[in-house]
Each structure stands twice: as structure tokens, then as C-alpha cells.
Amino acid sequence: MLELRIAGRDFGQPVLGEVFATIERGDRICLLGPSGIGKTTLLNAIAGLDKSVPDEAVIGRDKLRVGYLFQEHRLLPWRSLDANLKLVGASDQEAESLLEQVGLSGYGHYLPDQLSLGMARRAALARCLAVKPDLLLLDEPFASLDPVMAGELKTLIAGILDSCPKMAMICVTHDGGDAEILANRLWYLDGKPARLQWDDALAEPGLVDGLLGRLRDLALPGS
Ligand SMILES: Nc1ncnc2c1ncn2[C@@H]1O[C@H](COP(=O)(O)OP(=O)(O)OP(=O)(O)O)[C@@H](O)[C@H]1O
């Protein structure tokens, strides 16, 4: 579905090295790695937001719809949730059902800044889903949420993944536990410049424990 042939990205100094990988429909990838290593940089490159990375470096993206949940909600603050969803193509009915799907039924007329952090993130997730994405990119979706809200959002995302078996997902996280719930594949980004050190399929449940155990042994994020 998507082939990465990213030659690298530097910001005055090298951040990303070469990244080669393929992503198939239904892949659920958790992207782990130390803070500041380049995970968001890689996600931006995959999404096509980084114009320094040529389009040819991400083969197949032109045929895909991509939904990107940023760390901040990035909804238009002067528009209601309904209007934000309609702006990306949702009909009245779709906007209503998307808000219901993320637990925000009845909040369509609210402005984004009238919502709590967790609610705003769910509204942003609804906007991602409004584009009917083939590839869902999540950048630390549980960051800054209290454990209850984070748990609810994790359950919500797991349910969405179950109901969209052909959608692929890449989720940046610092928590290996997220991989156990959400992923069938684990990417680990490290090095200077950063490269994918591991790209393992987690299809066998036992493998998840093994990989997370390796993370713990190395005292890396995910422990
Ligand atoms: N627009 C930019 N200009 C200059 N440097 C940047 C820019 N974007 C990212 N960087 C640098 O690139 C490196 C990687 O940043 P990035 O946000 O991709 O890391 P990350 O792995 O997502 O970090 P974290 O886990 O803390 O969110 C950092 O050193 C950062 O300062």
C-alpha cells in the first residue's frame, strides 16, 4: 500500500537517516523511540507535510487518504465541531454520527476551546475519521491525558481499528503497553541519524512480550 524510501532529513544537523519500509492495509504499527529522536519528523514525512522530503520518497501516498491526529487538536478554533467536520467533507449526518462514535454526541455546536483536552482530542480524531482514511497517523494520542481518559481513548481507538480492518495505523507512543493493545507491528527508531532499528511483526501474542521484554532489558522507552 505504501513504500517508504526516505533518504533522510536534517535540520542543520542530521535527524533522520535512511528509512525503508513497506506498510500494508491493516498494519497497526506502534512507533517507539527515545524522546527527540525523530518520530514526529518521520510521521510528517510519511504524511507529506514536510516539503523537504520529496513526494517520491513515499510511494503510493498519492492514492491514499491520510488522517493525522496531531499532538494538539489543530481544529479551527472559530468554528464549531460540526463545521470543522464538514470542512473536511462530512455531511450533516456523518458529522453527527462521527461525534457519536467518539463519545461527543450533542457537542456539535461547541467550539474546540470549550472542550477539555480529552474531548478536543476525540473531536480531532473524529475529523481524522471524516476523511475515511486508508492510513491513520496518531502522534502520542494519549499524552497529557489522565489515566482514565487515556484508557477510554485507547479503547475507543482499538474499537475503531477493529471496525476498519483495512485501515493501516502508525501510532507514536512512549508506552510499550500501547503496542500490546493496539499494534500488530512494532517500529523502533533510534541512532544518530535515526533509523528503524526494529520493524517486527507482532502477529504472535508471545512475540509482543518478547519484544517489550527486550525494550525493558535495554531500559528503553516502553519499559
Ligand atoms: N522544524 C524543525 N526545525 C528544527 N529542528 C527540528 C524541527 N522539527 C524537529 N526538529 C528537531 O528534530 C529532532 C527530532 O524531533 P521530533 O519532534 O521528530 O522527535 P520525537 O521523537 O517526535 O520527539 P518526542 O518523543 O519528544 O515528541 C529534535 O532534535 C528536534 O529539535
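Let's start at Met169. Met169 touches Arg28, Ile29, Leu136, Leu138 and Leu161, leaving aside residues up to four places away in sequence. Touching, or contact, means C-beta atoms within 7 Å, with those atoms placed from the backbone.

Before going on, the ground rules. This is a predicted model: local features need pLDDT of at least 70, side-chain atom pairs count only at pLDDT 80 or more, and totals for chains, interfaces and linings use all residues. Residues are numbered from 1 along each chain as its sequence is written.

Now the core. The largest nonpolar core has 58 residues. Met169 is among those with the most contacts inside it, along with Leu31, Leu98, Ala126 and Leu137. A core here is a set of buried Ala, Val, Leu, Ile, Met, Phe, Trp, Tyr and Cys residues joined through C-beta atoms within 7 Å. Buried means 20 or more other C-beta atoms within 10 Å of the residue's own; exposed means 12 or fewer; partly exposed lies in between. Which element gives the core its largest share? Helix 4, with 8 residues.

The whole chain next. There are 7 helices and 11 strands. Both are DSSP runs numbered from the N terminus: helices are H or I, at least four residues, and strands are E, at least two. Of the 223 residues, 38% count as buried. Take contacts between residues at least 6 apart in sequence: 68% join residues at least 24 apart.

Back to helix 4, residues 117–130, and its partner helix 3, residues 92–101. Their axes come within 9 Å and cross at roughly 130 degrees. So helix 3 is oblique to helix 4. The cut-offs: under 35 degrees is roughly parallel, over 145 roughly antiparallel, 65 to 115 roughly perpendicular, the rest oblique. Axes are lines fitted to C-alpha atoms, for helices over the stretch in contact, and angles run from 0 to 180 degrees between N-to-C directions.

Who meets whom? From helix 3, Glu94, Leu98, Leu99 and Gln101; from helix 4, Ala126, Leu129 and Ala130. That contact divides into 5 nonpolar, 1 polar and 1 charged.

Last, the backbone. Most residues other than glycine have a negative phi, and most peptide bonds are trans. Lys132 has a positive phi, near 50 degrees. Lys132 sits in the loop between helix 4 and strand 8. Lys132 is partly exposed, with 14 other C-beta atoms within 10 Å. Ser144 also has a positive phi, about 70 degrees. With 12 C-beta neighbours inside 10 Å, Ser144 counts as exposed. Finally, the peptide bond from Lys192 to Pro193 is cis, omega near -5 degrees.

Methods: Two residues are in contact if their C-beta atoms, placed from the backbone, lie within 7 Å. Ala, Val, Leu, Ile, Met, Phe, Trp, Tyr, Cys and Pro count as nonpolar, Asp, Glu, Lys and Arg as charged, and the others, Gly among them, as polar.
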